[in-house]
Amino acid sequence: MSPATEIEAGVEPLTMRRTMGRFATGVAVVTTEVDGEPHGMTVNSLTSVSLDPPMLLVCLTTGARTTEAVTAAGRFAVSILSARQEQIALRFARRGENHFEGLPLIYGDHSIPVVPDALAHVECTVDRQLVAGDHLVVFGAVQRVCDRDGEPLAFAGGRFADVAVRGHEPVHWIF
Ligand SMILES: Cc1cc2nc3c(=O)[nH]c(=O)nc-3n(C[C@H](O)[C@H](O)[C@H](O)COP(=O)(O)O)c2cc1C
């Protein structure tokens, strides 16, 4: 293992991004709709918060159109991307573009557009939100979920990646 980069005291945004990029995540798209117009953005800040009641959170940059739309709509969906959906992740990460152009839309029960062929769809109402630095932490009360088997898209070290599943049995929760 190579030695750790020297620990920095006054942490710059790019250093923060690089460091937290060591933490591998999945990739998802947050979507919502306001006045009939769909909005969506790629995220990797998705975290499960509570099982009972079911809640999750996403951290959305305060500058993004989708962040304002989620606040305005009071509801959103999360589509967890499969390993085949790197292009979808890139599409929904490009600022200022119409992310939905040419994309067939499907709608969940709560009239929110979701990404077709994702590994999971999670539909939420906004439970609460708080400003934290340059992001808005949005807690979603989960209303409906669906999921299917498949390989997830991963993100680590600033790159998309595949998950290499180890050979042993799934870990059944011990807590
Ligand atoms: C893999 C990946 C993960 C991202 N995760 C987040 C995130 O968790 N929160 C966030 O605010 N932006 C994240 N972004 C950046 C947004 O996707 C990007 O700013 C997007 O263009 C905002 O869309 P909008 O301004 O059109 O709404 C991520 C981008 C990529 C490629």
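Which side chain has an N or O atom 2.6 Å from an oxygen atom of the ligand? I opened my notebook with that one, and the side chain turned out to belong to Thr 66. Before going on, I noted that this is a predicted model.

**Entry 1: around the ligand**

I stayed with the ligand for a while. Thr 42 has a backbone N or O atom 2.8 Å from a ligand oxygen. Thr 61 also uses a backbone N or O atom, and there I wrote down 2.7 Å to an oxygen of the ligand. The protein covers 86% of the 650 Å² of accessible area that the ligand has on its own.

Next I looked up how many residues surround the ligand. The count is 18, and the closest are Thr 42, Ser 45, Thr 61, Arg 65 and Thr 66. I then checked which elements supply at least two residues each to this shell, and found strand E3 (37-43), strand E5 (54-61) and helix H2 (65-73). I also looked at the pockets: the largest pocket is the space taken by the ligand.

**Entry 2: His 39**

Then I listed what His 39 touches, skipping neighbours within four places in sequence. The list holds Val 30, Thr 31, Thr 32, Val 34, Arg 65, Thr 66, Ala 69 and Phe 100. Two names there, Arg 65 and Thr 66, were already in my notes as being among the closest residues to the ligand.

**Entry 3: Ala 64**

Where is Ala 64? I found Ala 64 in the loop between E5 and H2. Ala 64 is buried, at 8% relative accessibility. Leaving out neighbours within four places in sequence, I got contacts from Ala 64 to Met 41 and Arg 95. I also took a C-alpha distance: Ala 64 and Gly 40 are 24 residues apart along the chain and separated by 9.6 Å.

Most residues other than glycine have a negative phi, and most peptide bonds are trans. With that in mind I went looking for exceptions.

Which two residues are joined by a cis peptide bond? Asp 52 and Pro 53 are, with omega at about 5°. I placed Pro 53 in the loop between strand E4 (47-51) and E5.

For positive phi I noted Asp 35, where the angle is near 50°. Asp 35 lies in the loop between strand E2 (28-34) and E3. It is exposed, with a relative accessible area of 80%.

Asp 117 went on the page too, with a positive phi near 65°. I found Asp 117 in the loop between strand E8 (113-114) and strand E9 (120-132). At 58% relative accessibility, Asp 117 is exposed, because the cut-off for that word is over 50%.

**Entry 4: Val 137**

I moved on to strand E10 (residues 135-147), which holds Val 137. Val 137 is buried, with 11% relative accessible area. Which residues does Val 137 touch, not counting those up to four places away in sequence? I wrote down Leu 57, Val 58, Cys 59, Arg 128, Gln 129, Leu 130 and Ala 132. I also took the C-alpha to C-alpha distance from Val 137 to Leu 103, and it is 28 Å for 34 residues of sequence.

Glu 86 is in helix H3 (residues 86-91). Beyond its neighbours within four places in sequence, Glu 86 contacts Leu 153 and Phe 160.

My last stop was Gly 158, in the loop between strand E11 (153-156) and strand E12 (159-162). Gly 158 is exposed, at 55% relative accessible area. How far apart in space are Gly 158 and Ala 24, C-alpha to C-alpha? The distance is 9.4 Å, although the two are 134 residues apart in sequence.

Terms used:
Residues numbered from 1 in each chain as written. Predicted model: local features only at pLDDT ≥ 70, side-chain atom pairs only at ≥ 80, totals over all residues. Heavy atoms only, no water. Helix = DSSP H or I, 4+ residues; strand = E, 2+ residues; numbered from the N terminus. Contact = heavy atoms within 4.5 Å. Near = heavy atom within 4 Å. Polar contact = N/O pair within 3.5 Å; in protein donor to acceptor, adjacent residues only side chain to side chain. Areas by Shrake-Rupley, 256 points an atom, 1.4 Å probe, with all protein chains shown as cover. 1 Å grid on protein atoms, 1.4 Å probe; cavity = no way out; pocket = protein on both sides within 12 Å on 5 of 7 lines; lining within 4 Å. Sits in = over half its atoms within 2 Å of the grid points. Buried < 20%, exposed > 50% of the residue type's maximum accessible area, 1.4 Å probe, protein only.
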